[in-house]
Amino acid sequence: MGEYQSASLDGVFNALCDPTRRAILARLTDADARVTDIAGDFPISLNSISKHIRMLERAGLLRRSIVGRDHVLSLNAGPLAEAQAWIEKYRRFWEGRLAALDAYVTRKNAANKKRKTPMSAAASNTLASAAVVVRRMIAASAEDLFDAFLDPEALAQWMRPGAIQSTVARVEARVGGIYEITMQGQSGPILHAGVYRTIDRPKRLVFTWHSPGTEQKETLVTVDFVKADKRTEVIVTHEQLPESAMPSHRNGWTSGLAHLDEACQQGLIG
């Protein structure tokens, strides 16, 4: 029984490790969908989508039914509940260890008479603000990847996280210039906008970002491009987010960089 559960969990976690497969599951949380409809949500080939779907089926996360000529997929959340139970078990374990560590550090600080000057309120607020950091190594030049963040046609190709169906971008690629990225979701268009603060090709791009997902509050995005032989590590740091917006933006940037990687592999970028 233990070996069966281990194999089952291995399949679930292996299936969930890919952002495209996670996006497919997110798409099916709203309603069942045909394979062709799901394929239309992603800028990759039908063959590639079919491979992702088969892996999700092998993990037991999807059910497939045939209606006429259509293959209809539905979400099976049972294996996810097993994975959640496994994670919860170890979460309680580590929370207990961290609570003990926190108590120890608190006692040590209280006994330390050589305290440093208390941190200013402004600095404390800065450190407390929520930040998301997403990294991806991509087989493309830093120059091509940097340009893909500023070119409207390239943005339309890769900035389609999750179940976004299409994207239209308007860009003023200069410091102080504005951008508008409109993502077409299932419930309608979603506008993301901001102002470019730093444009240092091909090393760093900094811009503000606000959208319904940030409660229309201005946040800050820094994108670093680190060369590594023939590849480039893209590092997205999204700061000043409302805490409630962190998970969705982490998933969004993870999915977006995965689409950027796929677009480079298909020769659509560069």
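Residues are numbered from 1 along each chain as its sequence is written, and side-chain values use heavy atoms, with hydrogens and water left out. Because the model is predicted, local features need pLDDT of at least 70 and side-chain atom pairs count only at pLDDT 80 or more, while totals for chains, interfaces and linings use all residues.

**The open sheet**

Select strands β1 (33-34) and β2 (62-67), then β3 (residues 70-75). Strands here are DSSP runs of E with at least two residues, helices are runs of H or I with at least four, and both are numbered from the N terminus. The three strands form an open, antiparallel sheet in the order β1-β3-β2. β1 and β2 stand at the edges, each with a single partner strand, so one side of each has no neighbour in the sheet. Two strands pair if DSSP finds at least two bridges between them; β1 and β3 are joined by two. Within this pairing, A33 has L73 as its bridge partner.

**Helix α4**

Next, select residues 46-58, helix α4. The expected span of a helix is 1.5 Å times one less than its number of residues; for the 13 residues of α4 this gives 18 Å, which agrees with the 18 Å between its end C-alpha atoms. Its buried residues are I49, S50, H52, I53 and L56. They fall within an arc of 160 degrees when seen down the axis of α4, so they line one face of the helix; the arc is that of the directions from the helix axis to the C-beta atoms. Buried means under 20% relative accessible area, exposed over 50%, and partly exposed in between (1.4 Å probe, protein chains only). Just after α4, G60 takes a positive phi of about 80 degrees.

**Two salt bridges**

Display R27 and D41, which form a salt bridge with the closest N and O atoms 2.6 Å apart. R27 lies in helix α2 (residues 19-28) and D41 in the loop between α3 (35-39) and α4, 14 residues apart. A salt bridge is a side-chain nitrogen of Lys or Arg within 4 Å of a carboxyl oxygen of Asp or Glu. R27 is buried, at 13% relative accessible area, and D41 is buried at 5%.

Then move to D261 and R136, whose side chains meet in a salt bridge at 3.0 Å, N to O. This pair connects helix α9 with strand β4 (residues 130-138), across 125 residues. D261 is buried at 9% relative accessibility, whereas R136 is partly exposed at 26%.

**Helix α9**

Of its 20 residues, 14 are buried, so the helix is largely enclosed by the rest of the structure. G267 follows α9 and has a positive phi, near 75 degrees.

Finally, select β5 (residues 166-171) and β6 (residues 178-185). The two strands run antiparallel and are joined by six bridges, forming a hairpin with six residues between them. In the turn, G176 has a positive phi of about 90 degrees. R170 has E180 in β6 as its bridge partner.
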